[in-house]
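Biologist: Please put the model up. I would like to go through its helices and a few residues with you.

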Amino acid sequence: MPFIFSNEICEKLAVVGFNANMISYLTTQLHMPLTKAANTLTNFGGTASLTPLIGAFVADSFAGRFWTITVASIIYQIGMISLTLSAILPHLRPPPCKGEEVCKEADSGQVAILYMSLLLTALGSGGIRPCVVAFGADQFDENDPNQNTKTWKYFNWYYFTMGASILVAVTVLVYVQDNVGWGLGLGIPTIAMFLSIIAFIIGYPLYRNLDPAGSPFTRLVQVSVAAYKKRKLALVSDSTQLYQNEELDALISIDGELVHTKQMKFLDKAAIITEEDNVKSPNLWRINTVHRVEELKSIIRMGPIWASGILLITAYAQQGTFSLQQAKTMNRHLTKSFEIPAGSMSVFTIVTMLSTIALYDGVLIRVARKFTGLDRGITFLQRMGIGFLISIIATLVAGFVEIKRKAAASAHGLADHPKTTIPISVFWLVPQYSLHGIAEAFMSIGHLEFFYDQAPESMRSTATALFWTSISAGNYGAASTAYAQVCAPYHSWAIRTAVAAGMYALPTREQLLLKLNETNQSAENKMRRYITASIPIIEYIDKLYISRNIKLDW
């Protein structure tokens, strides 16, 4: 376990240190226009959000988690070395700006090196993210009563080490990049990544490695197809009459066969034995075992819980957009000469999250255990529910602070001056940042635990990948909600599906404002003026409809 944690600490230090300040690198070192730099990072983020599904598929299908993590880490390392060299070697980046002259933008060859580096890191990240968590949890033998109760402790400390690494990255590494140099600023995470690979490989003889059991997606499709082919058959009343084959399921049921459940009975038809079926050498596109049917049921049951995580991330994502814009307009001076960077406010979230995890593991679990009798203190769903409640409170607090901020702006005549600092302390934002940190300590870890615990053992990398995709989807929650409420009721299934896919290409609120060269306040002020100017047109159209007795069905 120390080797896995060492790998995670170094890997997260590398990944976050690599990405946290990348927008500054693109604009100040490669002299990219702000819009092009934002587009580059948006495309990179979108690619990196999808690659965990590929990595999970490779790990669960044929490569196994150890080799997937190892190869993916090497790919990531190559990408980081490439980018670090471009920051060190003068001919791999444009010359520095001189005086007032127009800065020379990176040429096609230099940009190609950047894109190749980002692509390699996105591919590497896809193999690391879904597998590291599951691989660490695999080290506990569920059949050993002395070990299976320690899994929940592992998830707490996994998230703690990850948070601690992020804290160092967004403070120390960002400072080095901005004030010392990009060669050292990117070189440190590159070296950290190299050390993480070494530490991970050294521990190989000590690891508990589970053999991959073939493509999980193929099995899910086979069950669906078999159930459809037998859709006209009557359900059997005795579940023991359904097809079971321990030898066939040996690789995907090391910890035991899944027990038949009574939900989603239509899928049970995939396990009904007919005269056409050869049970000794089955055609899995016609008949499947109860264990494989229950795998599909497990994945379907996880759907609502997966979706619930999107809601938390949608609220949490506001820290990087709306809350960041709030902080930029407020008084951030600690002394006359020192001002807190707006982006550093997230430190309060990380510190609170780390403190909550330590308190939860050291105190809260012991107290809860006395009341619930559970070794883990509370269930996954209870932990997630507490996180949701705290997230709601955080959002309410953010709303009240925004009311106070706007009132202060109006009182000092600054409502139409978005670039002027409002005389109100930025520390009014600390409660909402801290509450989001507490919510993440409960919700995100509970979410991660749930996916690992409830997923079939042969699909745990895939289930962990779902956790990361819910985080990605959460960033597009606001746009999806607006579409669902306004337009979706009038669109066909095909259009709704296309729009849902298109949501993943949308920029975040912060990125959109960046491209428009606007702040949240200035954009809001302009929108109000547009609405005011549009009132005569709206009233004219309204009168036109009334005069001709035209009615709308919405």
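What follows is a short exchange of questions and answers on this predicted model.

Modeller: It is a predicted model, where local features need pLDDT of at least 70, side-chain atom pairs count only at pLDDT 80 or more, and totals for chains, interfaces and linings use all residues. Residues are numbered from 1 along each chain as its sequence is written, and side-chain values use heavy atoms, with hydrogens and water left out.

Biologist: Are helix 12 and helix 13 roughly parallel or roughly antiparallel to each other?

Modeller: Helix 12 spans residues 380-411 and helix 13 spans residues 430-454. Their axes, lines fitted to C-alpha atoms over the stretch in contact, come within 8 Å and cross at roughly 155°. Angles under 35 degrees count as roughly parallel, over 145 as roughly antiparallel, 65 to 115 as roughly perpendicular and the rest as oblique. The two helices are therefore roughly antiparallel.

Biologist: How many nonpolar residues are in the contact of helix 12 with helix 13?

Modeller: By class, their contact has 8 polar and 3 charged residues. Nonpolar here covers Ala, Val, Leu, Ile, Met, Phe, Trp, Tyr, Cys and Pro; charged covers Asp, Glu, Lys and Arg; the others, Gly among them, are polar. The nonpolar count is 20.

Biologist: At what angle do the axes of helix 4 and helix 5 cross?

Modeller: Helix 4 covers residues 65-88, and helix 5 covers residues 108-138. Their axes come within 7 Å and cross at roughly 150°.

Biologist: Is Ser117 buried or exposed?

Modeller: Ser117 is found in helix 5. A polar atom of the Ser117 side chain lies 2.7 Å from the backbone oxygen of Ile113. Buried means under 20% relative accessible area, exposed over 50%, partly exposed in between (1.4 Å probe, protein chains only). At a relative accessible area of 0%, Ser117 is buried.

Biologist: What distance separates the C-alpha atoms of Phe5 and Ser196?

Modeller: Phe5 lies in helix 1, residues 2-19. At 18% relative accessibility, Phe5 counts as buried. Phe5 and Ser196 are 191 residues apart along the chain, and their C-alpha atoms are separated by 9.2 Å.

Technical notes. Axes fitted to C-alpha atoms, helices over the stretch in contact; angles between N-to-C directions. Helix = DSSP H or I, 4+ residues; strand = E, 2+ residues; numbered from the N terminus. Polar contact = N/O pair within 3.5 Å; in protein donor to acceptor, adjacent residues only side chain to side chain.
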